[in-house]
Amino acid sequence: MRILHTMLRVGDLEKSLDFYTRVLGMQLLRRKDYPDGKFTLAFVGYGPEDTHPALELTHNWDTSKYELGNAYGHVALGVTDIHGTCDAIRKAGGKVVREPGPMKHGTTVIAFVEDPDGYRVELIQQGT
């Protein structure tokens with residue numbers, strides 16, 4: 001078994017696609033409208049779905065905003081230069097909500113960014 005994808009409901013699909021592709025550098029892997037159900041599914045990721053996990057962005061045409069609730073945590077991305085990545089995200093119009101630094105009670109260097117719907121994405125420094 002392996003993780004195939006994680007689904008996030010988004011209020012503005014074009015804003016979300018811009019964030020995940022332009023700001024975070026993912027690729028749009030596939031996108032399909034379901035007119036009878038009034039929704040669109042768009043899958044983004046860093047490689048082909050047969051070998052890499054993806055994010056499924058679900059846009060229900062009649063919903064422009066969601067309550068995030070308190071059960072959702074975050075999506076995590078490994079990066080090789082966390083400071084440079086945060087700078088690039090900022091320059092691309094992304095929102096860094098926790099600057100790079102060691103995690104509480106540990107030494108792993110992390111940062112958090114926020115997507116247009118308020119979902120948190122954790123950046124984790126990989127390597128030395």
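Predicted model: local features only at pLDDT ≥ 70, side-chain atom pairs only at ≥ 80, totals over all residues.
Residues are numbered from 1 along each chain as its sequence is written, and side-chain values use heavy atoms, with hydrogens and water left out. Helices (H or I, at least four residues) and strands (E, at least two) are DSSP runs, numbered from the N terminus.

**Domain record**
- UniProt, in an unreviewed entry, lists residues 2-123 as "domain: Glyoxalase/fosfomycin resistance/dioxygenase". Such annotations may be inferred rather than shown by experiment; positions follow the numbering used here, and feature names are shortened.
- That span is 17% helix and 41% strand, and its end C-alpha atoms lie 21 Å apart.

**Largest pocket**
- The largest pocket holds about 250 Å³ of space. A pocket is an open set of points on a 1 Å grid over the protein atoms alone, where a 1.4 Å probe fits, with protein on both sides within 12 Å along at least five of seven lines. Its volume is the space filled by probe spheres set on the points, which are joined across faces, edges and corners.
- The lining has 13 residues, and Pro53, Ala54, Val75, Ala76 and Leu77 lie nearest the centre. Lining residues have an atom within 4 Å of a point.
- Strands S3 (39-45), S4 (54-60) and S5 (75-79) each give two or more residues to this lining. S5 gives the most, with three.
- Ten lining residues are nonpolar, three are polar and none is charged. Here Ala, Val, Leu, Ile, Met, Phe, Trp, Tyr, Cys and Pro count as nonpolar, Asp, Glu, Lys and Arg as charged, and the others, Gly among them, as polar.

**Helix H1**
- H1 spans residues 13-23, and its buried residues are Leu13, Ser16, Leu17, Phe19, Tyr20 and Val23. Buried means under 20% relative accessible area, exposed over 50%, and partly exposed in between (1.4 Å probe, protein chains only).
- Asp12 caps the N-terminal end of H1, with a side-chain oxygen 3.2 Å from the backbone nitrogen of Glu14.

**Strands**
- S2 (residues 27-34) and S3 run antiparallel, joined by seven bridges. Strands pair if DSSP finds at least two bridges between them.
- Asp33 has Thr40 in S3 as its bridge partner.
- Tyr34 is in S2 and is partly exposed, at 29% relative accessible area. The C-alpha atoms of Tyr34 and Gly93 are separated by 30 Å.
- Thr58 sits in S4. Thr58 is buried, at 7% relative accessible area.
- The side chains of Thr58 and Glu56 make a polar contact of 2.9 Å. A polar contact is a pair of N or O atoms within 3.5 Å; within protein, one must be able to donate a hydrogen and the other to accept it, and residues adjacent in sequence count only if both atoms are side-chain atoms.
- S5 pairs with S8 (residues 120-125) in the parallel sense over five bridges. Glu122 in S8 is the bridge partner of Ala76.

**Positive phi in loops**
- Most residues other than glycine have a negative phi.
- Lys38 is not a glycine, yet has a positive phi of about 60°. Lys38 lies in the turn of the S2-S3 hairpin, which has four residues between its strands. Lys38 counts as exposed, at 53% relative accessibility.
- His105, also not a glycine, has a positive phi of about 65°. His105 is in the loop between S6 (95-102) and S7 (109-114). His105 is exposed, with a relative accessible area of 87%.
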